[in-house]
Amino acid sequence: MRRLAARCLAIVGLACLAACSTSAQADGPPPIPASGSASIAADRSTFDRERLDVPADTAFQLLFENREGVLHNVAIVDPANGTTPFVGEIFGGPGWRMYQVPALPGGTYAFRCDVHLEMSGTLVAD
Amino acid sequence: MTAGLRSAEQPRAMDVAIRCAIIGAALATSLIHASLGGALFTMNAAGYAVLAVAMAAPGPFAAERWLVRLALLGFTAATIGGWLLFGARFELAYIDKVIEIVLIVLLIVELWRQDGGPSGIARRARHLARRPVASGSARA
């Protein structure tokens, strides 16, 4: 019976560890985005903006700041064909990542958090 | 018949082990979903937690444990289905799916041991369906 209880505790413990292992440590204050780059933040399972404007046909940096201890990322979706030209790393905050996004042809895209699909917005490459 | 008798007998070590593992797995996946934040994951976590408690609770829950078992089975299958359709693919999600698949296997094993498999469940369901009619006609 004791062994059983230990096994149950081990399962719950493993889950706790798994839940914590993907959380990034605070990486300090995010850098100031360079010109031609874009930035976005997530807090309380909401993005701080609904629209991102980026240059077309040019690779750019996307600064993503996750301000809470919940897993988030930014992925870019082409609604015309459902493909995802860019999927950013999922990580727990507080912390930030500087995503290197490949060049996107001019047009309107959607961006979203892959973990929380209700977190989304529009990205315009122009 | 054996399924009905079994519940009245002393629980065997294997039955206790399976039940503990089911509750542990349900609580583990509840914890993981709670850590993801957002309304949907929070509701999912609450669902797993309530069903885990119902799997352990004595009293009226014990008599209808087969229903709780079925509800947890359906809830877990729906969660996996939802993830396959819309879910993100990342490390924690894969760990959670492994726990949920283990949970489904354990629930099926317990369903066979405690309820006598699908035929036993069907018998219990027929009995349950007849019960309100019988009490209604008795009152009339």
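A salt bridge here is a side-chain nitrogen of Lys or Arg within 4 Å of a carboxyl oxygen of Asp or Glu. By that rule D15(B) bridges to R113(B), with the closest N and O atoms 2.9 Å apart. The pair links distant parts of the chain, 98 residues apart: D15(B) sits in helix 2 of chain B and R113(B) in helix 6 of chain B. Helices are DSSP runs of H or I with at least four residues, strands are runs of E with at least two, and both are numbered from the N terminus.

This is a predicted model, where local features need pLDDT of at least 70, side-chain atom pairs count only at pLDDT 80 or more, and totals for chains, interfaces and linings use all residues. Residues are numbered from 1 along each chain as its sequence is written, chains are lettered from A and ligands numbered from 1 in the order in which they are written, and side-chain values use heavy atoms, with hydrogens and water left out.

**Salt bridges**
- The structure holds 13 salt bridges over all chains.
- D15(B) is buried at 9% relative accessible area, while R113(B) is partly exposed at 24% (buried is under 20%, exposed over 50%, partly exposed in between; 1.4 Å probe, protein chains only).
- E110(B) and R69(B) also form a salt bridge, with closest N and O atoms 2.6 Å apart.
- E110(B) is buried at 2%, and R69(B) is buried at 3%.
- R19(B), R69(B), E110(B), D115(B) and R124(B) are linked in a salt-bridge network.

**Sheet**
- In chain A, four strands form an open, mixed sheet in the order 2-1-4-9 (strands pair if DSSP finds at least two bridges between them).
- Its edge strands are strand 2 (46–47) and strand 9 (95–101) of chain A.
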